[in-house]
Each structure stands twice: as structure tokens, then as C-alpha cells.
Amino acid sequence: GQVLPVQAVMEMPGQARIEATSHTEVVAIDEEDAGFEMRMGTVRTMVFDEDFKMKTPVAEVRGDIRGTLFDTRVVLNGTTTVSVIRGVVMVESLIKTGQNWKLSTGKRGVFDTSGNGRIDKSAEERE
């Protein structure tokens, strides 16, 4: 009677590989500037191309360096947490125009439904 987490791997050729854990909802965007839209859950993303981007309910997350590895978590209210394991990630608010953040290796950003962001060290970096 043990419930094990379900894990899925999605690959967008030439863009990125995304590993999703249980209760994650991610869809491919049919736009010309292809990417993913993450509505809920937790994923680990490995960037293959500098043009990769993923939208959450509150932010657009871009991996600007090939090989960047980062985790993204979206909770039910849309609050998004991005933790960079390796590389650089740019985050742009979809709530407040012009609000941008740059996260590098070891940094974590929490972005809320009011368009605010808070950057600190990731859990791995604090140990």
C-alpha cells in the first residue's frame, strides 16, 4: 500500500529535457518561439539551447546558457520557486511589466502572485 512518486521525462528536441515529478502539469506551447508552460508541480530542466523558455502562472523562466540545470516548483496559487543548480537563469514577471531577475549557480528565487521576487541561496548552497 505504498504510493511511489511518478516521474516523467519530456524532451523538446534541441531545446531542453524536463524531468517532472508526480502531480505536475506541463504543456508544450504551440507558439513559433516554442517552449513549455508549467501550471503546477515540480520539474528539473536541463537547457540544450540558449533560447529555451518556460512560462509559469507568474513568470517566464529562460535558460540563457547551454547546459544550465535548474529546478522549478509551482504551487496551487501560482507562486513559483526557481533553484539554479548550474548555469544562469533569467526570470521575468508576467504580473509586473519590466520586473526581471538573474539567478546564477546556487541561487533560489521565489516569485509570488503580486509580481514580487525574493532571491537567496538555495538549500544546497546553505549546507
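Aromatic pairs first: I pair rings of Phe, Tyr and Trp (its six-membered ring) if their centres lie within 6.5 Å, and I call planes under 30 degrees apart stacked, over 60 edge-to-face and the rest tilted. By this rule I get 1 aromatic pair. The ring centres of Trp 101 and Phe 111 are 4.8 Å apart with the planes at 50 degrees, so the pair is tilted. Trp 101 lies in strand 10 (residues 100-104) and Phe 111 in strand 11 (residues 107-111), so the pair ties together parts that are 10 residues apart in sequence. Strands here are DSSP runs (E, at least two residues), numbered from the N terminus.

Ground rules, before I go on. This is a predicted model, where local features need pLDDT of at least 70 and side-chain atom pairs count only at pLDDT 80 or more, while totals for chains, interfaces and linings use all residues. Residues are numbered from 1 along each chain as its sequence is written, and side-chain values use heavy atoms, leaving out hydrogens and water.

Burial next. I use under 20% relative accessible area for buried, over 50% for exposed and in between for partly exposed (1.4 Å probe, protein chains only). Trp 101 and Phe 111 are both buried. In strand 10, I see Trp 101 and Leu 103 on the covered face, with Asn 100, Lys 102 and Ser 104 on the uncovered one.

Then I checked what strand 10 pairs with (at least two DSSP bridges between two strands). Strand 9 runs antiparallel to strand 10 over 5 bridges, and Met 90 stands opposite Lys 102. The two strands form a hairpin with 6 residues between them, and Gly 98 in the turn has a positive phi of about 85 degrees.

On to the nonpolar core (buried Ala, Val, Leu, Ile, Met, Phe, Trp, Tyr and Cys joined through side-chain atoms within 4.5 Å). Which residues touch the most other members of the largest one? I find Phe 52, Phe 70, Val 82 and Val 91, out of 21 residues. Strand 4 gives the largest share, 4 residues.

Contacts (heavy atoms within 4.5 Å) came last. Leaving aside neighbours within four places in sequence, Phe 70 has contacts including Val 43, Phe 52, Val 61, Val 82 and Val 89.

Beyond four places in sequence, the contacts of Glu 60 include Lys 53, Lys 55 and Val 91.

Arg 62, also found in strand 6, comes out partly exposed at 24%. Arg 62 and Val 91 sit 29 residues apart in sequence but 6.4 Å apart in space, C-alpha to C-alpha.
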